[in-house]
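User: Let's go through this model a bit at a time. I'll start with one side chain and move on from there.

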Amino acid sequence: MILIGELAKKTNISKRTLHYYEQIELLQPTVITENGYRYYDETAILRLQKILLLKSIGYTLEQIKELFQNQENQGEDENWIISLNEQIELIEQKKEELSRMQYYLRSTIHTLQMNGMNNLEKLLQIIAKMKDRPLTEGIIRPEFSDHLQLTSREMDVLNQLPILGSNDPRMEELLTIFQRVRSSMPSSPYSEEVQVIARQLYETALELFDHDEKLLGKYWELINPGDASEPVVMGMDDEFMSYVDEMIGYFLKQRVDNADEGD
């Protein structure tokens, strides 16, 4: 048997920690002499090694106590395997929670970049609605209703779109354009400066939609909140999208007019 000081030195933990383990009845000395010296035998040392192992892989002291108590009712190896599998499941749940939180944080950052501190209440409402939706590869993918009658090709295009809250570099390009749109809103959507932005936005969007103008229009109608009380996409409020409608509508009209003049 070895004294508490030797055990502390051997395992690189403090005597105070060993006293605490004794206090919470996690690790008891094998012998306590009349003058208060505490000795530990090989069984106690092995128990301490198990405690340190479990702590190193994420167990709390309460979980370790419960594991030791349960092993009295069934084989030690079986009990440890069950407990370790439970710990793996717990870690998976935590990974899911952290990944979901990362997605919400990125989504909030993107929304603030688009819309500033306006309509934070609506942002909270959208996040609340997403909590029951599955997280896949760190993002919550949009859901498309069957009534849209999308072809398999159209679904493929939509599923490849950059998603707000993702790390997709194409999202950063879109956010830069949307920021320019937002800052231009005090100006006329028909002004020359705004029409430069309209052209950039439309051409960028068209490329994302595989140059399918019909699908682009269908998607825009889908996410346009219109008179709805809250936006379908974070940062896309009715005022913003109405302005985009005006600037893009005028851009397309000018494009048709110019084509007719060319004929």
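User: Is Asp212 buried or exposed?

Analyst: Asp212 is buried, because its relative accessible area is 15%. Buried means under 20% relative accessible area, exposed means over 50%, and partly exposed is in between (1.4 Å probe, protein chains only).

User: Before we go on, what am I looking at?

Analyst: This is a predicted model, in which local features need pLDDT of at least 70 and side-chain atom pairs count only at pLDDT 80 or more, while totals for chains, interfaces and linings use all residues. Residues are numbered from 1 along each chain as its sequence is written, and side-chain values use heavy atoms, with hydrogens and water left out.

User: Back to Asp212. Which residue forms a salt bridge with Asp212?

Analyst: Arg153 does, with the closest N and O atoms 3.0 Å apart. The pair links distant parts of the chain, 59 residues apart: Arg153 is in helix α7 (residues 152-159), and Asp212 is in the loop between α9 (192-208) and α10 (213-223). A salt bridge here is a side-chain nitrogen of Lys or Arg within 4 Å of a carboxyl oxygen of Asp or Glu. Helices (H or I, at least four residues) and strands (E, at least two) are DSSP runs, numbered from the N terminus.

User: What about Lys95 and Glu92, how far apart are the closest N and O atoms?

Analyst: They are 3.4 Å apart, and the two residues form a salt bridge. Lys95 and Glu92 are three residues apart in helix α5, so about one helical turn separates them. Lys95 is partly exposed at 47% relative accessibility, and Glu92 is partly exposed at 44%.

User: New topic. Which residues gather in the patch of negative charge?

Analyst: Glu62, Glu66, Glu86 and Glu89 do, on the surface. Helices α4 (61-70) and α5 (76-115) each supply at least two residues of that patch. Glu86 lies in α5 and counts as partly exposed, because its relative accessibility is 49%.

User: What makes a charge patch?

Analyst: Patch residues have over 30% relative accessible area and no salt bridge, and like charges are joined within 9 Å. Asp and Glu count as negative, and the place of a Glu charge is taken as CD.

User: And Ile13, where is that?

Analyst: Ile13 is found in the loop between α1 (4-11) and α2 (15-23). Ile13 is buried, because its relative accessible area is 19%. Neighbours within four places in sequence aside, Ile13 is in contact (heavy atoms within 4.5 Å) with Ala8, Leu18, Leu48 and Leu52. The C-alpha atoms of Ile13 and Leu52 are separated by 9.5 Å, though the residues are 39 apart along the chain.

User: Last one: how many helices and strands are in the chain?

Analyst: There are 11 helices and three strands. Of the 263 residues, 38% count as buried.

Methods:
Patch = residues over 30% accessible without salt bridge, like charges linked within 9 Å, V, L, I, M, F, W, Y side chains within 5 Å. Areas by Shrake-Rupley, 256 points an atom, 1.4 Å probe, with all protein chains shown as cover.
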